Amino acid sequence: MGGQAKGKKKNKTKKKDNRPNREGGFVDLTPHERMKLRIHEKAKKKTAEKYSVQQLLEKTEECMDSLDFEMAGLFCQRALDVDPNNLQGLDMQGHIYSELGDTQKAKEVFLRAVQLSPDVGHSKYMYLGQIHTSQESVDYYTKGIQVLLSALEKQEAAAQTGAAALTDEDHERPTAKDVSVAYCSIAEIYLTDLCMEEGAGDKCREFIEKALQYHHDNPEALQLMASYLFSTDRNQEGKEYLLKSVGMWLPAQKQSASSSTTEEDTLNEIPPYESRITTAKLLIEGEEYEMAVDVLEVLLEEDDEVVQVWYLSGWVCYLQWEKAKEQQERERREVTEEEKEEWRALQEAARSYLTNAKKLHNKLRCDDQPMLEHVEQLLGELGGEMEAEEGDPALDDDYEPCSDEEENDGAEAPMEH
């Protein structure tokens, strides 16, 4: 009797696994996730066939120049899809995240750039210095300065031999001014975050002097020296540095304010908005009231939603009024009609600015309580808040500031991304 036939083993057809390995990113993904990844890979391939990385980065730069950071981010990501280790692309992406307010992503991108190229490209260290605080910030700026100085030495050597100054890795062309600005950043930390550290004052001055060594006409360095000198009660010496600093850019600011077509080089001479607020404070401290008014007027034209600028504008008018009264009292003479008119104008201007400061403070829910208390004190001395004037946007609770950019109907259509 024949043996019992063995049960035939059913050979199930083994489904072919077309998924890439773990490094490819498909394993352990859901079907939906795999589909999205395939679409992304297909789009990446199409982008690589249609546009070079350099073209995508050029388009990124165009969008950044026009302050369209969201669109810039799309083009930049396409470039990095094709070349994930492109240092220029990483630098741009970090900058874009920073401008969009995503500090954590910006930090991650810059740290990746540091890992890929620790000794080439200084700007990533500058951004990391801005993102961090205290000693950690100083360390990043210091490393950035080392990279800068190394790059400058290579540029100088290349200039002497006629060789190319930049490598494929280094898309930046550093200048002595960049070194000066970096030293200013460190000096400012010793004026603020690390001001209580032992020897902070000496270190602050040391870094300011280094900044001036690399760019003796750097307005930022001159203003920092003024701040340092004011903080050490050397006001007259500080005022000399301050006036020299302001003289480097205030004429350009006035030209920019009076002209609709200002040269880019002229605009580049003007310090950032926040820096000019500090300028106004220092000018007020140095009793250079008229110059402070010149600075503050343009700041209000550029952005009328900054409480501190309205407050300082009112404060300086109040101080001008006080100074005029004190001078008349010292001279022990009768007040002229012309003086009375001037004093009234200063009082009304101060009330107007301070009223706007208070309303904007409440509207924006600012947390600077001491400033609000000072505003209320000054308004009390000036006769109270000024009544709203028709057509004055700053006194309108429903006022919404216009966008910095107008829509351009005739703009060129963007490249595919």
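Predicted model: local features only at pLDDT ≥ 70, side-chain atom pairs only at ≥ 80, totals over all residues.
Trainee: OK, what percentage of the accessible surface of the chain belongs to carbon and sulfur atoms?

Mentor: Start with the total, which comes to about 25,700 Å². The part of it on carbon and sulfur atoms is 46%.

Trainee: And how many helices and strands does the chain have?

Mentor: Both are DSSP runs numbered from the N terminus: a helix is H or I over at least four residues, a strand is E over at least two. Counted like that, the chain has 17 helices, and its number of strands is 0.

Trainee: What percentage of the 417 residues count as buried?

Mentor: Buried means under 20% relative accessible area, exposed means over 50%, and partly exposed is in between (1.4 Å probe, protein chains only). For the 417 residues of this chain, the buried share is 39%.

Trainee: Among contacts with a separation of 6 or more, what percentage comes from residues 24 or more positions apart?

Mentor: A contact means heavy atoms within 4.5 Å. Take the contacts with a separation of 6 or more, and the part from residues 24 or more positions apart is 59%.

Trainee: Let's zoom in on helix H5. How far does H5 reach from its first C-alpha to its last?

Mentor: H5 covers residues 103-116, so to speak 14 residues. The expected span is 1.5 Å times one less than the number of residues. H5 is close to that expected value, with a reach of 20 Å.

Trainee: Where on H5 do its buried residues sit, seen down the axis?

Mentor: The buried residues in H5 are Ala106, Val109, Phe110, Ala113 and Val114. Seen down the axis, they fall within an arc of 145° (taken from the directions from the helix axis to the C-beta atoms), so they line one face of the helix.

Trainee: Is H6 largely enclosed or largely open, and why?

Mentor: Its buried residues are Ser123, Lys124, Tyr125, Met126, Tyr127, Leu128 and Gly129. They pack against H4, H5, H7 (134-161) and H8. That makes 7 of the 9 residues of H6 buried, so the helix is largely enclosed.

Trainee: How are the rings of phenylalanine 110 and tyrosine 127 arranged?

Mentor: Rings of Phe, Tyr and Trp (its six-membered ring) pair if their centres lie within 6.5 Å; planes under 30 degrees apart count as stacked, over 60 as edge-to-face and the rest as tilted. By this rule there are 7 aromatic pairs. Phenylalanine 110 and tyrosine 127 form one of them, 4.9 Å centre to centre with 10° between the planes, which makes the pair stacked.

Trainee: How many residues apart in sequence are the parts tied together by phenylalanine 110 and tyrosine 127?

Mentor: Phenylalanine 110 lies in H5 and tyrosine 127 in H6, so the pair ties together parts separated in sequence by 17 residues.  Both residues are buried, and the separation to remember is 17 residues.

Trainee: Is cysteine 317 buried or exposed?

Mentor: Compare it with cysteine 195, which counts as partly exposed because its relative accessibility is 39%. Cysteine 317 has 7% relative accessibility, so it counts as buried.

Trainee: Which residues does glutamine 320 contact, leaving aside neighbours within four places in sequence?

Mentor: Glutamine 320 lies in H15, and it is buried because its relative accessible area is 18%. Its contacts beyond those neighbours are Tyr289, Glu290, Val293 and Leu346.

Trainee: Last one: is aspartate 233 buried or exposed?

Mentor: Aspartate 233 sits in the loop between H10 (219-231) and H11 (235-258). Its phi is positive, about 60°, although it is not a glycine. The relative accessible area is 69%, so aspartate 233 is exposed.

Methods. Residues numbered from 1 in each chain as written. Heavy atoms only, no water. Areas by Shrake-Rupley, 256 points an atom, 1.4 Å probe, with all protein chains shown as cover.
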